[in-house]
Amino acid sequence: MSSKILEMATFHAAGSNRAADVFVDACAILASQGHATALPGQVSLRDGNSTRMLTLRLGTGLEEAGPDSLLLIDENLQTLEGSGRPNPGTRFHAWIYQRHPQVCAIVHTHPPAISAFSMLGIPLPVAHMDACMFHDDCGFLARWPGVPTGDEEGALISQALDGRRTAFLANHGCVCTGQSLQEATPNVRRAWL
Ligand SMILES: [Zn+2]
């Protein structure tokens with residue numbers, strides 16, 4: 001099945017606004033575009049107005065996402081519902097939700113083109129019409145102390161999103177936020193291009 005057909009099938013056939021359904025659809029669309037699976041990427045959805053979030057069980061690829069692999073976790077990454085533990089990278093998601101109350105969804109992946117450019121260690125200008133949506137809407141994080149699973153990295157990544165919906169992370173990848181997964185997911189897909 002082509003990615004375009006999969007996209008239409010998932011969004012149109014499901015016809016559901018249930019958080020779990022939307023979450024699984026978003027993961028399927030990202031996977032169909034070849035986005036990272038398991039450790040290198042995380043998707044999360046804020047639970048109402050709380051700092052809890054829906055995310056995938058550690059080790060679950062985006063293409064494997066289903067109702068049984070979803071977890072509800074708190075801001076300390078403790079599992080409240082579901083079986084298993086989350087990706088430790090969701091710690092920076094918790095920081096983003098706490099610092100940016102308008103953010104309700106986060107998609108973070110390591111697209112190959114973004115990963116390659118990220119090793120230049122410089123912010124990217126918007127120099128192509130297909131990237132216009134990122135104009136003045138993409139922060140840049142040049143340095144961090146280590147693997148982004150700690151509080152220090154969470155603080156830095158959440159700050160890079162001040163006044164921006166997306167951030168380009170040097171030597172790493174991208175993070176896109178939105179008031180919904182329907183808003184955050186297309187921006188990650190465009191970042192793939
Ligand atoms: Zn990452």
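Residues are numbered from 1 along each chain as its sequence is written.

So what surrounds that glycine? Gly 173 lies in strand β8. Setting aside neighbours within four places in sequence, Gly 173 is in contact with His 108, Thr 109, His 110, Pro 111, Ile 114, Ser 115 and Ser 118, where contact is C-beta atoms, placed from the backbone, within 7 Å. Pro 112 is 61 residues away from Gly 173 in sequence, yet the C-alpha to C-alpha distance is 8.5 Å.

Now zoom out. The protein chain has six helices and eight strands; these are DSSP runs, H or I over at least four residues for helices and E over at least two for strands, numbered from the N terminus. Read from the N terminus, the elements go α-α-β-β-β-β-α-β-α-β-α-β-β-α.

The eight strands make an open sheet with mixed pairing, in the order β4-β3-β2-β1-β5-β8-β7-β6; two strands pair if DSSP finds at least two bridges between them. At the edges are β4 (79–81) and β6 (138–141), each pairing on one side only. On average, neighbouring strands here are turned by 25° against each other, direction ignored.

Next, the helices. Helix α2 (residues 19–32) packs on the sheet, touching β1 (42–46), β2 (53–56), β3 and β5 (105–109), and its direction makes about 155° with that of β1. For angles like this, axes are lines fitted to C-alpha atoms, for helices over the stretch in contact, and the range is 0 to 180 degrees between N-to-C directions. Helix α5 (residues 151–160) lies across β6, β7 (166–169) and β8 (173–178), at about 145° to β6. Buried residues of α5 include Gly 154, Leu 156 and Ile 157, and the buried part of this helix packs against α3, β6, β7 and β8. Helix α3 (residues 90–99) is mostly covered, with eight of its ten residues buried; its cover includes β1, β2, β3, β5, α5 and β8.

What about the core? In soluble globular proteins, nonpolar side chains tend to be buried together. The largest nonpolar core here has 45 residues, and Phe 23, Ala 26, Cys 27, Ile 96, Ile 157 and Ala 167 touch the most other members. Helix α2 gives the most to this core, with eight residues. A core is a set of buried Ala, Val, Leu, Ile, Met, Phe, Trp, Tyr and Cys residues joined through C-beta atoms within 7 Å. Beyond four places in sequence, Phe 23 is in contact with Val 43, Leu 45, Leu 54, Leu 70 and Leu 181.

Finally, confidence. The protein chain averages a pLDDT of 85, with 86% of the residues scoring at least 70; pLDDT is the predictor's confidence in each residue, from 0 to 100. Over residues 1–14 pLDDT stays under 50. Where pLDDT is low, the predicted coordinates should not be read in detail.

Technical notes: This is a predicted model: local features need pLDDT of at least 70, side-chain atom pairs count only at pLDDT 80 or more; totals for chains, interfaces and linings use all residues. Two residues are in contact if their C-beta atoms, placed from the backbone, lie within 7 Å. A residue is buried if 20 or more other C-beta atoms lie within 10 Å of its own, exposed if 12 or fewer, and partly exposed in between; C-beta atoms are placed from the backbone.
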